[in-house]
Every structure is written in C-alpha cells, then in structure tokens.
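Work through these exercises with the model open beside you. Try each task before you read its solution.

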Amino acid sequence: MSLDPVQVMKGQDPLPKTCPSASNGDSKASWDDNKDIHENVGSTKKPKPGPVRRARKVEGGIFFPKPENAVTIAVSSRVLFRTEKEQKVFEQKGIEEYLRYQVEHENEPFAPGPAFPFVKALEAVNSQLRKLYPDSEELFDIVLVTYNHAHVGIRLINTINYHNLFIERFCMTGGSSPIGYLKAWHTNLYLSADTEKVQEALAEGIAAATMFMSEKQIEVSETQLRVAFDGDAVLFSDESERIFKAHGLDKFFEHERENENTLLDHGPLKGFLEVLGKLQKKFYAKGHRLDCPIRTYLVTARSAASSGIRALKTLRAWGLETDEALFLAGAPKGPMLEKIRPHIYFDDQMFHVEGAVEMGAIAAHVPYGIAQKYPHKKSTNTGK
C-alpha cells in the first residue's frame, strides 16, 4: 500500500452523518441551496446571504488564551478538511482558476478531514478544563494554517461555523512558508499534508507530522482524547534505530543491554507528550485520574525484556509517563491501534503508518531520523 497525504477515502461515505451537507469538493450541497453565487472573483453580481453564524458558548473563564500560555496546535486546512477537488483545480488549472472556484463555492462547507476528530477531541478536553479551571489559560489553542489567499478565508470560516468548531486564529500565508508564524505562535504541534513543510518545522524544533486519511475510518471517542506514540525517533532520538539499521538486531539488543541505565536523548514529539502530561495532572489534581479525558499510549516495536526497560527508565527520568505501554516485539501495530482507536498515532516509519491506516486508524508520519534513509521492508524481526 502506498499513501499520498490526505488521499481520498475509498469505500466510505464521504459525508459523515453529523454533517450531511458538507462538501468534499465533488458535492454541490450548500447551506441554503443558493445558486446565485459569484460567477467569478470580479463579479458585480450581489450574492444571496450566506449561512447564519452560530453563536459559540464558552462556559465561563478564558475566551482566547495567550499563545505563550496555551498548548498551541497548528493544523493545515488540507488535513482539517477534505479539499481533494480544490487541490486538483489548483494543480491542473492554476491559481487564478483555483481562487475563482473557491469564491464560487464559498457557501459549500468542506467535509471533515483526517485531523477533524483530533480537533473535536481537543475541544472536548477544553470544555472539561474550563469547568475545573475557569480562569486558567492552559488550554488547547487551535490555529488554522493555510497557504491560501485571503479570498479563500470566507469559505474556511463558513465551514468552521458550519461544523461548530472553536477556531478563531487563522494564518493564511498566500503561498509563503508558515514556519516563521508557527514559531511566533509558540506552536506545540503542527499537522500538515505537506511533508516538506513538516520537515522544515522539525528542523526548527517544532513537533510536526504529516497526516494521512484511511480508506476506512474507525469510530473514535467523543469524550476522551487518545494519543499514541511510537518510541524511537518519535518520543526518543534515533540513536538506537541507527544501531539496528547499521548492525542488525543482535547488535541492537547488545547495545540496549549495555546502555540500560543511560537515558535516551529526546525525540521530536517528546515536548508534545510533556504538555499532554501537564494537562493530565490538572485533571488528577481534581480527582479525575481514573476518568481523565486525556489518555496516552506508547506503541513500540521494541521487546519488553530485552530493550523496553531503557525506554521506560528514560520516560521516568524525564518525569513523564504514558497511560499504557505496548511492547510488540516486532508484531504489526495495526491491530493494536484498531483496539486503541486513537485520535492520532505518530510513527517515524511509513511501514507502520500504512499498517495503521489499513486498519482504519488515524495515523501521522514523523519524517525524522535514520529510518527516512532506509525504508522498512516487511520482515519477521522481533526487536525494532
């Protein structure tokens, strides 16, 4: 199986039951069946009124947290929503026709993309945090990032209101790189369909991943955010991965035994696990450890007895923990992820991302470390 970022889901109803009139670019659905829309960008024809904006209720407390206090999640419009049709217009007909198309369809909401359930889960956590800590700014703050021209912002805003999402911060760069803006927002995680921009963000020390849409998609929890991480080259550095790639499994086991009490260096997603843990502790402090709305998982191909202890000791020394740890000893990760049903799973190897996607799990590729130079081939190894 070969994945393109945000590929079209096959064999799946493109319009979820919760948003029957949302468009993935192939539908002509709109909020009001209004066909009297701009014929082109420069039209003088007056459009009919668009959809009525929904009022958003925030129960008490902070409305807009300061970026330096919040957990900022920057999400590309191409992973939050499904924009395959629009992308084809851009690639085949160019920017001017693309902008015209977007204006003509600005009253047609986009359908949810692969990041949509993750964002909804973040908002559910925020709702619980506001109830417990009405004056705290330690909340998830979602920033919509897009290369689009400001003209397209109207359709994006209409779509956000249609789906009742709480996203007020936009970054529309008009084709320029968003990385500088991500740093200004104090971004804790960047999700995109553009692998090059993800690599650029990682090089700047920003946790980032490329998202993929599965041909089928399993249902995920609406009340608990579930985030799953691979270990090496995701939470940890690729130090051990380099040993395995260069010298094989036996040498890897030997290296891990000899360095059992030597901490692994941090990987690109360590900081994101850290902020998740910080928010979890806020719930624990209010007596919600057992029903915490955030749950984290370590899903690693490491073997427990022969190489897992170093990973656990490293997490403990960092003051971090995951709620669950699965040491699979080389077994496929897909079936485990199907049971976990994460809102997002991070892995540095496309082999494992593909396995997750085949099972309907929401997966994101972290293009970091030595594995990018040595693509994984299907094997029966039991260590990495």
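**Exercise 1. The chain as a whole**

Among contacts in the protein chain between residues at least 6 apart in sequence, what percentage join residues at least 24 apart? Then describe the chain's make-up.

Solution. Start with the ground rules. This is a predicted model, where local features need pLDDT of at least 70 and side-chain atom pairs count only at pLDDT 80 or more, while totals for chains, interfaces and linings use all residues. Residues are numbered from 1 along each chain as its sequence is written, and side-chain values use heavy atoms, with hydrogens and water left out.

Step 1. A contact means heavy atoms within 4.5 Å. Of the contacts between residues at least 6 apart, 79% join residues at least 24 apart.

Step 2. Take the secondary structure next. Helices (H or I, at least four residues) and strands (E, at least two) are DSSP runs, numbered from the N terminus. The protein chain has 13 helices and 10 strands.

Step 3. Turn to burial. Buried means under 20% relative accessible area, exposed over 50%, and partly exposed in between (1.4 Å probe, protein chains only). Of the 384 residues in the protein chain, 53% are buried.

Step 4. Finish with the surface. Areas come from the Shrake-Rupley method with a 1.4 Å probe, and for residues only the protein chains shown count as cover. The protein chain exposes about 17,600 Å², with 50% supplied by carbon and sulfur atoms.

**Exercise 2. Rings and charges**

Which strands hold phenylalanine 229 and phenylalanine 346? Describe their pairing.

Solution. Step 1. Set the rule. Rings of Phe, Tyr and Trp (its six-membered ring) pair if their centres lie within 6.5 Å; planes under 30 degrees apart count as stacked, over 60 as edge-to-face and the rest as tilted. The count comes to eight aromatic pairs.

Step 1. Phenylalanine 229 and phenylalanine 346 form a stacked pair, 5.6 Å centre to centre with 25 degrees between the planes. Phenylalanine 229 is in strand E6 (residues 225–229) and phenylalanine 346 in strand E9 (residues 344–347), 117 residues apart.

Step 2. Both phenylalanines are buried. Phe229, Phe272 and Phe346 form one aromatic cluster.

Step 3. Now the charges. A charge sits over a ring if NZ of Lys or CZ of Arg is within 6 Å of the ring centre and within 35 degrees of the ring normal. Lysine 270 lies over the face of tryptophan 318, at 4.9 Å from the ring centre. Lysine 286 has its charged end over the ring of tyrosine 133, 5.1 Å from the centre.

**Exercise 3. Inside helix H11**

Is threonine 314 buried or exposed? Find what it touches.

Solution. Step 1. Threonine 314 is in helix H11 (residues 304–318). Its relative accessible area is 0%, so threonine 314 is buried.

Step 1. Not counting residues up to four places away in sequence, threonine 314 touches Phe236, Leu263 and Leu264.

Step 2. Arginine 310 is also in H11. Arginine 310 is buried, with a relative accessible area of 1%. Beyond four places in sequence, its contacts include Glu239, His255 and Leu263.
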